[in-house]
Amino acid sequence: MSRVYRPKDLAEALQMRADHPEAAPLAGGTDLMVTRHSAPREAYLNLFNVEGLSGIEVIQGGAIRVGAATIHRQIACSPEIQRAAPILAEAARVIGGRQIQNRGTIGGNIANASPAGDTLPVLLALDAQIEVQSAARGARLIPIEGFFKGYKQLDLAADELITAVIVPDHHQDALYFRKVGTRAAVAISQVILAGRVKRVEGRVIEARVAFGSVAPTPIRAREVEAALIGHPVDPRAADALDVHPIDDIRGTAVYRRAVAHRVLRTWLRAL
Ligand SMILES: Cc1cc2nc3c(=O)[nH]c(=O)nc-3n(C[C@H](O)[C@H](O)[C@H](O)COP(=O)(O)OP(=O)(O)OC[C@H]3O[C@@H](n4cnc5c(N)ncnc54)[C@H](O)[C@@H]3O)c2cc1C
């Protein structure tokens, strides 16, 4: 039998995290509980319904602060997110089915660090920051790009929890999200593309092109971003894409590479 620690609020959760490093943080459990028999944990730290860890608020500069234990359904339905970062709402809407969206959290999606996690390329395209906290050292903010160190490796110390995601206001930018899976719904992604382009007088001054499911971590296609900057959008920038996916049960490397190019070209043409 595993022990379960049940903190009331964030301060207690952080203290328990420090005191019981063997306890796995447990948010919605939609990833963790799937492995409870094959990889049982000695103890769990229950974060679901911990006061101060969920909710969506507009902060300075119109940015949105999303608590780590906020469920996908709340993100999908949030007017604030639909205005500032609608692609995050779109991604939340295609994570699993309704049951998963009512239980799975954004913090769990990030901490699980699957290359196929649907919110991760979106957060890269949005230049999100991850807020982590520990009882001993307080809070720090990490640009999402530096948060994924390698396959399932995060910039997160053993006594830290992810406490929030900060998403800047991008309502004036052109945004794009496309998930390709083996079927239209309740599918794990074969390729995810999330993009953002800011233009002044028709020329691109900022570009983010992020992919999931084509590398060990979510990645930015900087070669495409560089090809876009300084010009009107040219779909031929997609030719610069250089990704090296692997074969796995959901698709071959050849297929994934072809799809990545195709979805990127489709987006750039639509721009
Ligand atoms: C049927 C099914 C369908 C799914 N479909 C999709 C899909 O389409 N797209 C997709 O991206 N995912 C999918 N998933 C995976 C899963 O639902 C998501 O990754 C979800 O966001 C995980 O959140 P959770 O709160 O349930 O995480 P949990 O299972 O509670 O935790 C996941 C990991 O994160 C850690 N963790 C959780 N919260 C924190 C925190 N605040 N700080 C530090 N560590 C933390 C846990 O210790 C664990 O390692 C699916 C899962 C199932 C079972």
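The accessible surface of the chain comes to about 12,600 Å², and 51% of that surface belongs to carbon and sulfur atoms. These values are computed from a predicted model.

**The chain as a whole**

Of the 271 residues in the chain, 50% are buried. A compact globule with 271 residues would have a radius of gyration near 18 Å; the chain has 19 Å, which agrees. Along the principal axes, the C-alpha atoms fill a box of roughly 55 × 45 × 30 Å. The chain holds ten helices and 14 strands. Contacts can also be sorted by separation in sequence: among those between residues at least 6 apart, 57% join residues at least 24 apart.

Strands of a sheet pair through backbone hydrogen bonds, either parallel or antiparallel. Here three strands form an open sheet in the order E1-E3-E2, and the pairing is parallel. Strands E1 and E2 stand at the edges, each with a single partner strand, so one side of each is left without a neighbour in the sheet. On average, neighbouring strands of this sheet are turned by 30° against each other, direction ignored.

The pairing of E1 with E3 consists of three bridges. Within this part of the sheet, Tyr5 stands opposite Leu45 in E3. Helix H1 packs on the sheet and touches E1, E2 and E3. The direction of H1 makes about 160° with that of E3.

The residue ranges of these elements are listed below.

| Element | Residues |
|---|---|
| Strand E1 | residues 3-5 |
| Helix H1 | residues 10-19 |
| Strand E2 | residues 23-26 |
| Strand E3 | residues 43-46 |

Terms used:
Residues are numbered from 1 along each chain as its sequence is written. This is a predicted model: local features need pLDDT of at least 70, side-chain atom pairs count only at pLDDT 80 or more; totals for chains, interfaces and linings use all residues. Side-chain values use heavy atoms; hydrogens and water are left out. Two strands pair if DSSP finds at least two bridges between them. Helices (H or I, at least four residues) and strands (E, at least two) are DSSP runs, numbered from the N terminus. Axes are lines fitted to C-alpha atoms, for helices over the stretch in contact, and angles run from 0 to 180 degrees between N-to-C directions. Contact means heavy atoms within 4.5 Å. The radius of gyration is taken over C-alpha atoms; the globule rule is 2.2 Å times the number of residues to the power 0.38. Buried means under 20% relative accessible area, exposed over 50%, partly exposed in between (1.4 Å probe, protein chains only). Accessible areas come from the Shrake-Rupley method with a 1.4 Å probe; for residues, only the protein chains shown count as cover.
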